[in-house]
Amino acid sequence: MDSESRPSPDALLRAARREARGKLKIFLGAAPGVGKTFEMLRGGAARLKAGVDTVVAIVETHGRAETAALLEPFEVIPRSRIDYQGHMLEEMDLDAVLARRPALALVDEYAHSNVEGSRHPKRWQDVAELLDAGIDVYTTLNIQHVESLNDVVAGFTRVRVRETVPDSVFDGAEIEVVDLPPDELIERLTEGKVYSPAEASRALGHFFSKQNLSALREMALRRAALTVDQAMLEHLDAHAVPGTFGAGERILVAVSELPGSEALVRVGKRLADALRAPWQAVYIETPRAAAFDEADKRRVADALRLAANLGATIATVPAESVIEGLRAHLEGMRATQLVLGKSVRSWWFELRHGSVVNAMLRSGDGLAIHVIPAEGGPVRARTAPAKGWGKPRDYALIAVAIGFTTLLCKIAEPLIGAGGVDLIYLLPVIAVAGRFGSRPGIVAGMASALAYNFFFLPPLYTFTIADPQSVLTLFVLLGIAIFTAEIASRLKTRATLGARSAHENAAVAAFGQALARASDWESTSRIVCAEMARILGVRSLLLCEQNGSLAIRASFPEGAVLGPIDLAAADWAWSRGEPAGAGSDTLNAADWQFHPLKTALGVLAVVGLSSEDGRAPVSADRAVLLSTLLGQAALAHERLKLEDELRAVTVLKERDRLRAALLSSIGHDLRTPLTSVSGAVDAIAAEHPDASTLPVARAEIARLRRFLDNLLDMVRIDTGRLEPRLEAVDLTDAVASAIHDLKMLLAQSRIDLKVPANLPLVSADPTLLHHILLNLLTNAAQHGGGRIVIEGKRTPDAVTLSVCDSGSGLPETGAGAFSVFETGAGTDRDRGSGLGLAIVKGFADAMGLEVTASNQDAGGSLFTIVFPEGAVIRNPKPD
């Protein structure tokens, strides 16, 4: 088996790892209600009927009788019961399934979040453990739960799904799309087969609109096609099966040094977007690249840089010819579409060198080829440069080699005869061609032929040839010598290209290993500068933001200084995320060339490069190498930033834990003495009912009791112990109750009540809503300026309840007003705990309500509670 038909080792390793695990099958749907659970149970029933040991690990029927009927033939593993905040909740019993060890387990709702106290936080992690144990799994998933598609789905549905699965779960999985046209799904909704009629009515106006369902359906089909295509390619690689197999589109753009390569890249980008296919831009580097001038090299670099900016994978492939390199890369990538440029060449050039376009059209079976005419008129042909005729000392060595060979032939002639001497003369020809190139090799071949004629062909020691057969022998020797010299020169060129590619790959690998060993910002910066300077042969530095401006963190060699133009170019690269400085299109008068280290987190640093001679620091033919090094450096900085954020999050979690413990302790420890003080005040009031200090004492006790209640409420929010118990609430009664409880505090305020009695009931937790109103009214009384307006409104899609004061307004509006311990400044807010508004936000979120804060144009702050349409009760049931 030759190297080209050898199976991919990586594909074989992946296949071997999957053989040791169970097999996963995902029933993928566009939305709830398409029948994923139904199809999973039908598939499991077929496996059970075929004799496969199948159990139901967990299945949610959602009250559908036809789904429940499908459970009858299965063994159902009992669910585990977990005590969570006083409630017994049910989850899949992972240990019971592992102990039962069936051949196939049916696990519904792949993206489900397990209740706190389970072994894994997510159900897909439970499934991974089942697969590791060798158990096959059938599961269900909606397309909106895929992590990479979460933002896209939220963009057009306006609903962000919190339960997601990573895209890696699709690796090696079998996908079955459970498809249902939008019209049929909408009909199922209206018939009450998915949700209750009230819920279905709301769903049809929002998530389940026809346009949303059509978009979700397309995404599900495309994701399934991508998974199938990846699985097919991996199978082909593992079994060394040749061919394109265009089940999924893969696009390759071949760029060159000719004008118009950037147009090819843009065509490839448009094609990839239209087909939603992966694409790559490649430059085939051949020996003739040595003849390129700076303009040619710049066009190649610009085309590859443009492709990278547009989202393509870029590559430079060394090869002896463009056709060979392109064919090999197409086979390795298994591309289905090729974008080529067609330049205007003379017929004489195409006769000698052939046409890349024609060659690919003849050999591209199953390959769609897009030929784009080159810009401008005929272009000058670039051919591989000749090695030259060498130096005088080279010919001295050639003469010595021929003389030594002649001496050797004279010694060997008695043993092998004159007929075998001519082959020995090929040795110096091969050696000279490999060392000095084809032209000196041809000279060596001619010299060898003359020496053979002079010393070994009769008449000896003359250049006369007596025998006609000897003439033929001489010319054959000369032809073989020239051919051998040309072959040796080509092999050397190919070896040179391969050696350079191997050297660059080794340098990149060493660079990555060095960065992996670095664990802090300073050492990482030093490694980036030192290694990039060594590999590229330039001066380098790295800049990061410090105190609002860019500053040099490391340089090689040390002591680099930047001028005003250099700093402007560096700032451009930092703010715009684009290269700037020497050799670029922006601020090219600078001495340094700057490149941003950009990742999904943004621009993390800027690398500066400069050459000693003032030229562009990196030649165009090394653009791909530079891009790779910058990518490695950016990933290293991203890793450090994520590690810092993880440490910061850990500190915040510990701080929140301590804060919650402190608040809980204070709240409970102060409640007992407060009760005693309240009792003492009541006893004094019984003996001295007319004491002037009693109202003040009772007001301060009530204020302290509200403060302690806020502390305990904040602990409940922080620890997640809020469990809203929703019921129908009349907002008129809720407001009246809150005003009654605060009648002493509100005695000095004028209440303007605008809550209509005919407002519909809303679904809320009465206790939590009461606390929200208490905190909003307390805030308004303390900082409101004497007048408080409470207004309720019915809007087309919600019910709103607002509390407005006439004070100085909020120092910060929006989400910032609800921050914990946000007390404001310059008013009575300084005496507050800073917890009231944070509790308002926490309780509202727990009930699924929205609360906003803003300042009025006429002065004063406005807090609004929004009860969405789903929380509005239109036709309450009679008691």
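Predicted model: local features only at pLDDT ≥ 70, side-chain atom pairs only at ≥ 80, totals over all residues.
User: Why is Ser 611 called buried?

Analyst: Buried means under 20% relative accessible area, exposed means over 50%, and partly exposed lies in between (1.4 Å probe, protein chains only). Ser 611 has a relative accessible area of 11%, so Ser 611 is buried. It is found in the loop between β18 and α22 (623–687). Contact means heavy atoms within 4.5 Å; leaving aside neighbours within four places in sequence, Ser 611 is in contact with Arg 539, Ala 616 and Pro 617. Across the protein, buried residues make up 42% of the 879 residues.

User: Why is Ile 487 called partly exposed?

Analyst: Ile 487 has a relative accessible area of 35%, so the label is partly exposed. Ile 487 sits in helix α19 (residues 468–517).

User: What makes Phe 483, Ile 487 and Leu 491 a patch?

Analyst: Patches are made of residues with over 30% relative accessible area and no salt bridge; like charges are joined within 9 Å, and nonpolar side chains (Val, Leu, Ile, Met, Phe, Trp, Tyr) within 5 Å. A salt bridge is a side-chain nitrogen of Lys or Arg within 4 Å of a carboxyl oxygen of Asp or Glu. Phe 483, Ile 487 and Leu 491 form a nonpolar patch on the surface, with about 310 Å² of accessible area together. An α-helix has 3.6 residues a turn, so residues three or four places apart point the same way. Accessible areas come from the Shrake-Rupley method with a 1.4 Å probe, and for residues only the protein chains shown count as cover.

User: Why is β1 described as largely enclosed?

Analyst: Six of the six residues of β1 are buried, so β1 is largely enclosed by the rest of the structure. In a regular strand the side chains alternate between the two faces of the sheet. Both faces of β1 are covered: Leu 24, Ile 26 and Leu 28 are buried on one side, and Lys 25, Phe 27 and Gly 29 on the other.

User: How do you know that β1 pairs with β7 and with β8?

Analyst: Two strands pair if DSSP finds at least two bridges between them. β1 has six bridges to β7, running parallel, and five to β8, also running parallel. Leu 24 stands opposite Val 137 in β7, and the bridge partner of Ile 26 in β8 is Ile 175.

User: What makes β3 and β8 edge strands?

Analyst: The open sheet of six strands has the order β3-β2-β6-β7-β1-β8, with parallel pairing. β3 (75–76) and β8 (174–178) each have a single partner strand, so one side of each is left without a neighbour in the sheet. Helix α2 (residues 36–49) packs on this sheet, and its direction makes about 165 degrees with that of β7. Such angles run from 0 to 180 degrees between N-to-C directions; axes are lines fitted to C-alpha atoms, for helices over the stretch in contact.

User: Which strands stand at the edges of the five-stranded sheet, and why?

Analyst: The order of this open sheet is β15-β14-β18-β17-β16, with antiparallel pairing. β15 (549–556) and β16 (580–581) each have a single partner strand, so one side of each lacks a neighbour in the sheet. β16 pairs with β17 (residues 593–599) over two bridges, and Gly 581 stands opposite Gln 593.

User: Why is helix α26 described as largely enclosed?

Analyst: Eight of the 11 residues of α26 (residues 836–846) are buried, so the helix is largely enclosed by the rest of the structure. Among them are Leu 837, Ile 839 and Phe 843.

How values were computed
Residues numbered from 1 in each chain as written. Heavy atoms only, no water. Helix = DSSP H or I, 4+ residues; strand = E, 2+ residues; numbered from the N terminus.
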